Amino acid sequence: MGVTPSLSIVMPFKSQAFYLEECLSSIVSQQIENWELIAVDDYSMDESRLILENWASRDSRIKVIVNEGKGISDALNCGMEKSRADLIARMDADDVMRPDRLKKQYDFLSAHGEVGLVSSCVHNLNVSGKSQFKGYQLYVEWINSVKTWNEIYLNRFVESPFAHPSVVFRRELIHRFGSYRKGFFPEDYELWLRWMQAGVIMKKIDEKLLYWRDHTNRASRTMSIYSKEAFQRVKAKYFIPWLRTKKNKSFIISAWGAGKVARRQAQYLIEEGVKISHFYDVDPKKIGTSKNGIPVKATTEIPPPGDEFILILCGARKARAIIEDFLWSREYVLGKNFLFLA
């Protein structure tokens, strides 16, 4: 078997021949050399496997295997089972690592034993330049703004706080809290929420160590497990355990936002057992009406902080900033009196 590697890079791939050469070049150019790459073929329909096998014939650190199941979660779990290092680095076949990525993350985890997972900020590679991809640029900007453990923890119900291929985590977390699961949810986001619920500390290096490629055929654009509904449902599921940790379990729960998206998120929460007393909204057409059988009040009726906890269900990024400023002016504290769950 040889020397145990310092890091195992787990990289599922499916028909990514167009990007693989650049991706692999960035991996073999890493400043830290004691790594292994477990490349898992999830039934590619192009020359991806041939490309990887060619690289593997020249570099013994690269191993190509076939997914023993089907889909991204099975491919990831299969790759981790075949890997040997105590640290597992994620990578996608269409992305590019900065040369110092693995070294910086390895050094960080070596120096911070209390941290279970470390990510990094990322560059957005928009290969098309199309205007409809601006949403991902905004998402990348948000990811890069959420850096400390406290920021990650308090904002984890907004969106997934990490670019999946930017993370490195300790193998022991898999044994203690489980690996990737299959279902109608984004496999990475579900894992982060589950591990955070278990108390795993996650941090982010304040450097852009990964070029995260955006293109038309990326899985997050084409698969239903990455849909808005899938994200909303998994947020609702993991909000319940968080709610149980609150000291004041008798407070009234209200929701800011009575629009279509907010009401749908509220419905998922209700299905999970959350009782929402009322909505708040700024739209005079909604105020005084009832949505989903729940009355809508004006935001001017928000009481001083105390026995009410407000869930912010507005998804627009600019709206979140305005809402947070408003609630701070009312002496509401994020995580104590309100939480974003858009």
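Predicted model: local features only at pLDDT ≥ 70, side-chain atom pairs only at ≥ 80, totals over all residues.
Ser44 sits in the loop that runs between strand S2 (35–41) and helix H2 (48–58). Setting aside its neighbours within four places in sequence, Ser44 is in contact with Phe13, Lys14 and Ser15. Its relative accessible area is 16%, and because buried means under 20%, Ser44 counts as buried.

The largest nonpolar core holds 100 residues, and the members that touch the most others are Met11, Ile27, Leu37, Phe169, Trp195 and Phe239. Helix H10 (residues 228–244) gives the most to this core, with seven residues. There is also a second, separate core of five residues, with Ile38, Val40, Ala75 and Cys78 among them. As a general background, nonpolar side chains tend to be buried together in soluble globular proteins.

Let us turn to the second largest pocket, which has a volume of about 270 Å³. Its lining is made up of 13 residues, and those nearest the pocket's centre are Trp142, Val146, Asn155, Glu324 and Phe340. Helix H5 (134–145), helix H6 (149–154) and helix H12 (317–329) are the elements that give two or more residues to this lining. The largest share, four residues, comes from H12. Sorted by class, the lining of the second largest pocket looks like this:

| Class of lining residue | Count |
|---|---|
| Nonpolar | six residues |
| Polar | three residues |

Definitions and conventions. Residues numbered from 1 in each chain as written. Heavy atoms only, no water. Core = buried A, V, L, I, M, F, W, Y, C linked by side-chain atoms within 4.5 Å. Buried < 20%, exposed > 50% of the residue type's maximum accessible area, 1.4 Å probe, protein only. 1 Å grid on protein atoms, 1.4 Å probe; cavity = no way out; pocket = protein on both sides within 12 Å on 5 of 7 lines; lining within 4 Å. Points joined across faces, edges and corners; volume = space filled by probe spheres on them. Nonpolar A, V, L, I, M, F, W, Y, C, P; charged D, E, K, R; others polar. Contact = heavy atoms within 4.5 Å.
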